[in-house]
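Here is a short tour of a structural model for you to follow with the coordinates open. Which side chains pair up, and what sits in the core?

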Amino acid sequence: MQNYEEQVRRYLELSNYCPGPIKTYQCCLKRAFSAIPGPPDEWSEEDMGDYLLHFRQEPKRTSTTNQSSSIFHIPPVHIL
């Protein structure tokens, strides 16, 4: 997963994100990696939906759920 995390970090830096949001994305990605089995390119919509639904079942702040869902909006990153 480290390679994917590095690719996402680089994508965000090239997209002119500030260090704070990049760190937030990295934290959210690590949580997703620990909760969803397999590499990100094999995650199904159902896997991602189940992951997000568990936030709604726990007493978490709305911002935590929104941040966690935002990781799924990062375009796939591929190395040529």
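This is a predicted model: local features need pLDDT of at least 70, side-chain atom pairs count only at pLDDT 80 or more; totals for chains, interfaces and linings use all residues.

Glu-13 and Arg-9 lie four residues apart in helix α1, and so about one helical turn separates them. Their side chains meet in a salt bridge, 2.5 Å from N to O. The term salt bridge stands for a side-chain nitrogen of Lys or Arg within 4 Å of a carboxyl oxygen of Asp or Glu. Arg-9 also forms a salt bridge with Glu-6, where the closest N and O atoms are 2.0 Å apart. Arg-9 and Glu-6 are three residues apart in helix α1, again a separation of about one helical turn. Together Glu-6, Arg-9 and Glu-13 are linked in a network of salt bridges, and the count by this rule comes to two.

Local features need pLDDT of at least 70 and side-chain atom pairs count only at pLDDT 80 or more, while totals for chains, interfaces and linings use all residues, and side-chain values use heavy atoms, with hydrogens and water left out.

Glu-5 is found in helix α1, which spans residues 2-14. Neighbours within four places in sequence aside, Glu-5 is in contact with Lys-30 and Phe-33; contact means heavy atoms within 4.5 Å.

Phe-33 takes us on to the rings. A search of the whole structure finds three aromatic pairs; rings of Phe, Tyr and Trp (its six-membered ring) pair if their centres lie within 6.5 Å, and planes under 30 degrees apart count as stacked, over 60 as edge-to-face and the rest as tilted. Two of these pairs are set out below.

| Aromatic pair | Geometry | Centre to centre | Between the planes |
|---|---|---|---|
| Tyr-17 and Tyr-25 | edge-to-face | 5.8 Å | 80° |
| Phe-33 and Trp-43 | tilted | 5.8 Å | 55° |

Phe-33 lies in helix α2 and Trp-43 in the loop between α2 and α3, so this pair ties together parts that are 10 residues apart in sequence. Phe-33 is buried, with a relative accessible area of 13%, and Trp-43 is buried at 10%. Ring pairs also link Tyr-4, Phe-33 and Trp-43 into a cluster. In the other pair of the table, Tyr-17 is partly exposed at 36% relative accessible area, whereas Tyr-25 counts as buried at 14%.

Leaving aside neighbours within four places in sequence, Ile-71 is in contact with Tyr-25, Cys-28, Leu-29 and Ala-32. Where do Ile-71 and Ala-32 stand out? They have the most contacts inside the largest nonpolar core, which has 14 residues. The elements that give two or more residues to this core are α1, α2 (19-35) and α3 (45-57), and α2 gives the most, with six residues. A nonpolar core is a set of buried Ala, Val, Leu, Ile, Met, Phe, Trp, Tyr and Cys residues joined through side-chain atoms within 4.5 Å.

One backbone detail deserves a look. Asn-16 has a phi near 70°, a positive value in a residue other than glycine. Asn-16 sits in the loop between α1 and α2 and counts as exposed, at 68% relative accessibility.

Finally, the chain as a whole. Its secondary structure comes to four helices and zero strands; helices (H or I, at least four residues) and strands (E, at least two) are DSSP runs, numbered from the N terminus. Of the 80 residues, 25% count as buried. Residues 24 or more positions apart account for 54% of the contacts with a separation of 6 or more. The mean pLDDT, the predictor's confidence in each residue from 0 to 100, is 81 for the chain, and 86% of the residues reach 70 or more.

Methods. Residues are numbered from 1 along each chain as its sequence is written. Buried means under 20% relative accessible area, exposed over 50%, partly exposed in between (1.4 Å probe, protein chains only).
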